[in-house]
Amino acid sequence: MRKIFDIIANNAVPAVFIIISAFAIPLSGYSASYLVQELLTRIGRNSFLILSLLIPIMAGMGLNFGMVLGAMAGQIGLLFICDWGIVGIPGMVLACLIGTPIAIVLGIFCGHVLNRAKGREMVTSYILGFFINGVYQMTVLYLMGWIIPITNPTLLLSRGYGVRNAVSLLGIRGILDNLIPTIITGTQGTAQFVNINGGKSFIMMQLPFLEGSIRIPLATLIVIALFCIFIVWFRKTKLGQDMRAIGQSQSVADSAGIPVNRTRIIAIVISTVLACYGQIIYLQNMGTLNTYNSHDQAGMFSIAALLIGGASVSKATIANVFAGVILFHLMFIVAPVAGKNLIGDAQIGEYFRVFVSYGIIAIALVLHAWRRNREREAARRSLRGNKGDE
Amino acid sequence: MIKKFIENAGWPRIIIALFLLALFVAAPFVGVRVDTSLSNTLVRFGMNGVMVLAMIPMVQAGCGLNFGLPLGIIAGLLGATLSIEWNSEILAKLSELGTLYKISWLNDLFLTTWREPIGFASAIIIAVPIAAILGWFYGKLLNRVKGDEMMIATYVGFSSVSFMCIAWLLLPYKHPTMVWGYAGKGLRTTISVEGYWLHVLSDALALDINTENIHLYVPTGMLIFFAFVALIVWIFMKTKTGTAMTAVGSNPEFARASGVNVDRMRTIAVMMSTILGAVGIIVYEQSFGFIQLYMGPFYMALPAVASILLGGASVNKAGILNVIVGTFLFQGILTMTPSVINSYLQTDMSEVIRLIVSNGMILYALTRKVRAGR
Amino acid sequence: MTMFNEYWEIVRTFLDAYGVSYELAGLIVLVLIWLLLFLGRGLSFFRFLMRWYQRLIIVTGLVALGFWLFYVGREHQILLDNKNVNGLKALEQVNVSINGGESAELMPGDRDMRKAVGPEFEVKAEILDDNGEVVSTITKTVKIGCVKNMTISLPALAAGSEDFTLPLK
């Protein structure tokens, strides 16, 4: 009985979301192929960012709200390639190359700060995100074009320095998504290679019970799959084992001779660098960079999605990531339309999904703290009981 | 001596205080008037003071910094909007009272001079019970999540703000100055309090010197109100409940052993904090002139948290003096940086400086070694 | 950029005054940084050296990769110009495409812009007569390197000159 209750309690969040979606999808009136298309796009767009959260959770550092640091590093890389006019895959790789050292430095800084605030990593990394956001804005708004050379006038504000709020990433837009163009169409048939307009070869697949055609961001999905394999492999390495040990108990790990602080810093650095790449992948899909708020949203939405996928502050798997992306974004797509059809106001659906994202984070945090406190209480009680026996 | 002072105050505070001093010194040289800057600082001090006071009870009771201040702010917003919605009814009821007891001069007063103060008072009277109820639930929640209060408070604040975004659209407000004109329902994003209780406190007993050489404006009423609330908090912290609260914060095990109900104390502290937040936002609005709904209260906790930390508070210890010093320093920097730096560099860096100073301050407080006690 | 120049100016005056070459100064700074990093590490000097050697190789490799990506991925604006130049008359009509992209139709006096990615591109010009018949087709591979913009004079290209980028030498 207890076990059944635990299973329900552990999967309550995804279950609630499945129920909400089950009601909202028919209300929205979207076709299946539209939903599948949107979901595939969003899986390609967001998974990498969310996956970057896994490693700090493994090391027992909770949700890394400091991932926005990595996102900012990625955006700085993108700003530079925009300025230099580097396009296509070379542009993306160069942006990663520029972003990496910045992300590493920020990650080391973040790791040191978090080591000074053990036990409240989450709130500290959250505030750290704001703090670095200030530094980032200072850099982008005042130093770029003044001390840091930016030559392209379309990037700069009319006053001559500082980057515009919206930067078009036309040069790398959809470049990874469309690297291996893949389309699935309705009606029955088999997979085949075909040449469509302009001599570009597409992988075409035909499936039954689908109407219309769906584009698959195959290359992005391959990158994400490789990253998942990396995480699975990483868990088995010495470093990964150390991190898991630290996640279980810092004092035990310390007495086993694991350099706790150093390993924690490495976990954060990896997470930050991956978030940097994740943000670049995200923005190549979006096609425009909102210089001053793209990174803020990245952090919030990634964390909410991961939690909706059934992860907790102390445990998250790759399956949680994908379940989370699908459920969260399914709601993202249908909520405004469902709200409009239900109450006649799209704004309510919009606010509803913001509320759900924040509410879900709050609930997940509460459940985690609650459970931990209960366990601690139980442990203390059993300790007292033992003492009484003696 | 000096070394000890620096140790006590902490480097960031001294740097920021010196920075502010430098700004005041530099102001005349770049053509910024010190007197108007000082007036602005005082006005902003009065506006934000009560919200910063809201930090004290929770910090003292060991619940950490109240990042969930938006919850209290929401209660205040409800009070403010309802006081406008029901303004005419309240006044009518009161004048009925005057007629009933045959006191016609009282009746006149209600409809003329006292109209605005009554509106303001009604806002507070409506807001306080709402804040108390919300605070009670919020306190119960925080009691279950000891050790993680700050992160959860942040998200309780955020989710309550986004929940209220839906509520502001759906609640049956009718007053024409508050709802969207074309739809006839749903509150506007900003609502003017002009004609209701604009500057009720600020202009009461205000000192307004406006000669050729000097422009000085001191919002005496608002400052007195702040002093009054601060006094209440101070007295409360000296009562038996207040000292018990402090004991809970500094050593919960010891407090429990000496028969203090820890959870109850914490709940009271959270309720107080929420109530002060509600009162604080109403004071803020009467001076600012507008009620900001929807995403307005979203980030309002951060400046308040930063202020009290700037004043020398830590994550588990705070006093009235911290509030006064901190709010003055923080608001001083907010008023001085735009004017001084803008006239020097010709750019508006205030937003960025605010971000860096406030979050840097919070970060500094969070990363300091806390004495073993939890 | 002005700020950098000022700092550089100050450093340069010092170096010139003492007669130190810039390369030497750079080397000294690098060695100093390097020694500073070595101090306080409990490593043998040889191992320290090897570690930095490895890092140097990796960093050099990455920087080289960066430069290569810059070279390969740079997008250029190619201006196509059909005006009288150096005694060559503008062409009646010419259809130009770059790297097989959308072709531009240029009448005398016209100027259009196309984009090209990478260090070299192929320009294909179809020269037409009054009746709209294709007279000749010129295909040419142009090396551009890392230059951001280039202007091609189509009359010069049609005349078979090797010097067809404006301004003509």
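Residues are numbered from 1 along each chain as its sequence is written, and chains are lettered from A, with ligands numbered from 1, in the order in which they are written. Because the model is predicted, local features need pLDDT of at least 70 and side-chain atom pairs count only at pLDDT 80 or more, while totals for chains, interfaces and linings use all residues; side-chain values use heavy atoms, with hydrogens and water left out.

**View 1. Chain B meets chain A.** Here 44 residues of chain B are in contact with 41 residues of chain A (contact means heavy atoms within 4.5 Å). Together the two chains bury about 3900 Å², and carbon and sulfur atoms give 73% of that area (buried area is the accessible area, with a 1.4 Å probe, that two parts lose on being put together, summed over both). On the chain B side, look for B:Met151, B:Tyr155 and B:Leu363, which lose the most area to chain A and together make up 17% of what that side buries.

View 2. The largest share, 14 residues, comes from α9(B).

**View 3. Chain C meets chain A.** In this view, 14 residues of chain C are in contact with twelve residues of chain A. The area buried between chain C and chain A is about 1200 Å², with 72% of it from carbon and sulfur atoms. On the chain C side, α1 (2-18) and α3 (45-73) are the elements that give two or more residues, and α3(C) supplies the largest share, seven residues.

**View 4. The two domains of chain C.** Chain C is divided into domain 1 (2-73) and domain 2 (75-166), with bounds from an automatic or database domain assignment. Their centres, taken over C-alpha atoms, are separated by 45 Å. Four residues of domain 1 and six residues of domain 2 take part in the contact. The domains bury about 390 Å² between them, 69% of it on carbon and sulfur atoms. In domain 1, C:Tyr71, C:Val72 and C:Gly73 lose the most area to domain 2, together 87% of what that side buries.

**View 5. An open sheet in chain C.** Four strands of chain C form an open sheet with mixed pairing, in the order β4-β1-β7-β8 (two strands pair if DSSP finds at least two bridges between them). Strands β4 (110-117) and β8 (165-166) of chain C stand at the edges with a single partner strand each, so one side of each is left without a neighbour in the sheet. Strands β1 (residues 75-82) and β7 (residues 149-153) of chain C pair in the parallel sense over five bridges. To find your bearings, C:Leu79 stands opposite C:Thr151 in β7(C).
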